[in-house]
Amino acid sequence: MPATCVVGLQWGDEAKGKIVDLIGDRHQFVVRFNGGANAGHTVVWGDRTFKLSLLPTGVLKPHLTSVIGNGVVVYPPRFLEEVGQLVTAGVPVGGNLVVSDHAHLIFPYHMEEERLAEANADGKIGTTGRGIGPCYQDKVGRRFAIRVGELLHPAHLRERLRQIVPMKNRLIAAFTDGAAKTFDADQLCDEYLGYAEKIRPHITDTTRLLHDGIAAGKHVLFEAAQGSLLDVDHGTFPYVTSSSSLPAGIWTGTGVPGKHLTRTIGVVKAYTTRVGRGPFPTELDDGPDGTGERIRKIGREYGTVTGRPRRTGWFDAVAVRYTAALAGADEITVMLLDVLSGLPELKLCVGYELDGERIDYFPSDSFLLEKCKPVFETLPGWTEDITGCRTFDDLPRAARLYVDTVQQLVGLPVSVVSVGPDRAQTILMEKY
Ligand code: IMP
């Protein structure tokens with residue numbers, strides 16, 4: 001099995017990190033191909049919790065090579081901060097972590113551009129504020145973009161920043177009411193050259209590294225960041241992130257052709273969450289004593305990156321059927337099932353009502369999805385604590401029925417059921 005992809009099939013935060021942690025050892029490379037420090041990956045090992053936003057979760061396994069592919073946008077201080085946190089926690093980080101020389105760099109002016117854009121209520125997307133969108137804008141626009149490899153050429157970097165920064169200052173001033181923040185090219189260059197010295201040992205041509213690895217029969221695990229519904233092309237545009245979070249992003253984001261991908265694992269929560277703005281048909285907006293708040297509290301549904309409370313809602317089978325098809329998922333893993341324990345009944349969205357008409361597909365426009373009312377199927381809940389269950393048969397009947405129904409509605413086998421954050425709190429199904 002040369003290459004596997006782990007991808008979230010909702011709006012992110014599906015606990016993909018746990019699955020990567022679970023199957024990582026079957027691979028030699030763990031690769032990120034999209035996004036930047038906007039992702040939030042939490043891995044729990046006993047009493048230790050690791051929160052990563054830029055580095056691949058694979059970095060927690062120092063015997064694997066963790067790769068930040070060319071499709072990722074890199075903010076050097078964050079990179080060094082995460083490396084520092086790991087080293088302090090006793091996780092060695094050295095030659096096992098590599099970053100593509102083709103990956104694009106985030107600069108502080110990207111964050112300022114984003115802050116100004118988000119300050120406008122009309123255009124607000126509810127981003128993570130990490131400079132992701134403006135950096136990808138510069139990548140596609142080409143003129144103002146600087147890649148990681150350029151950090152290794154001080155004179156060239158200074159020249160590029162001296163060209164770019166005055167333009168950025170003018171752009172930022174044009175968007176500002178009052179005193180605009182300004183940036184100094186030489187100061188920025190000195191700062192980034194300082195980072196460059198520390199990052200230098202990690203910078204390489206990751207495309208060639210992966211091509212050589214695959215040719216030598218090594219196994220690769222691709223770790224998608226964000227969720228499929230945040231994909232810039234296929235997600236709930238414009239309330240999406242700025243990269244391809246579907247497995248389609250692997251080809252461009254790493255240089256590894258899609259034909260190598262032999263297994264795609266779609267990760268879903270037993271319910272749904274989303275952070276930031278945008279349509280969410282099954283949202284439970286039912287007040288401080290409601291089910292939505294209960295799920296948020298029990299599931300600790302607060303953003304890993306921003307700490308924002310996540311919006312919560314019922315499982316949406318229409319959305320997951322759509323993303324599973326886009327991702328080419330072979331199986332799904334159902335995470336955080338334990339969070340639903342104690343609810344008297346559980347709802348699953350099986351269709352939408354749009355302008356009085358029943359539809360069973362995911363509309364292609366956010367403004368249409370905004371108008372969709374969910375059509376629910378209701379199942380009985382269970383009261384038992386399921387966090388100690390280790391086989392499917394250990395689960396109460398109602399929980400088994402819930403998982404079976406998800407499987408049926410999505411049309412894919414469930415290979416893993418997660419009943420708690422710890423590695424051990426995992427039910428591996430036959431397919432696994
Ligand atoms: P950006 O990626 O910071 O530009 O934010 C765009 C949208 O994607 C916002 O709604 C964010 O909350 C959301 N987003 C970005 N990364 C993640 C993630 O890892 N999990 C969940 N939502 C995310």
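Which polar side-chain atom lies 3.3 Å from a nitrogen atom of the ligand? That atom belongs to Gln226.

The model is predicted: local features need pLDDT of at least 70, side-chain atom pairs count only at pLDDT 80 or more, and totals for chains, interfaces and linings use all residues. Residues are numbered from 1 along each chain as its sequence is written, and side-chain values use heavy atoms, with hydrogens and water left out.

**Ligand site**

The ligand is surrounded by 15 residues (a heavy atom within 4 Å), and the closest are Asp13, Asn38, Thr128, Thr241 and Arg308. By class, this shell holds five nonpolar, eight polar and two charged residues; Gly counts as polar, and Asp, Glu, Lys and Arg count as charged. The table gives polar pairs of N or O atoms within 3.5 Å.

| Residue and atom | Ligand atom | Distance |
|---|---|---|
| Asn38, side-chain N or O | oxygen | 2.8 Å |
| Gly126, backbone N or O | oxygen | 3.4 Å |
| Gln226, polar side-chain atom | nitrogen | 3.3 Å |

Of the 470 Å² of accessible area that the ligand has on its own, the protein covers 97% (Shrake-Rupley method, 1.4 Å probe).

**Asn34**

Asn34 sits in the loop between β2 (29-32) and β3 (41-45), strands being DSSP runs (E) of at least two residues. With a relative accessible area of 1%, Asn34 is buried (under 20%, 1.4 Å probe, protein chains only). Its side chain reaches the backbone nitrogen of Ala225 at 2.9 Å and makes a polar contact with the side chain of Ser243 at 3.2 Å. Beyond four places in sequence, the residues in contact with Asn34 (heavy atoms within 4.5 Å) include Gly71, Tyr136 and Gln226. The C-alpha atoms of Asn34 and Gly249, 215 residues apart along the chain, are separated by 6.9 Å.

Conventions: Polar contact = N/O pair within 3.5 Å; in protein donor to acceptor, adjacent residues only side chain to side chain. Helix = DSSP H or I, 4+ residues; strand = E, 2+ residues; numbered from the N terminus. Buried < 20%, exposed > 50% of the residue type's maximum accessible area, 1.4 Å probe, protein only.
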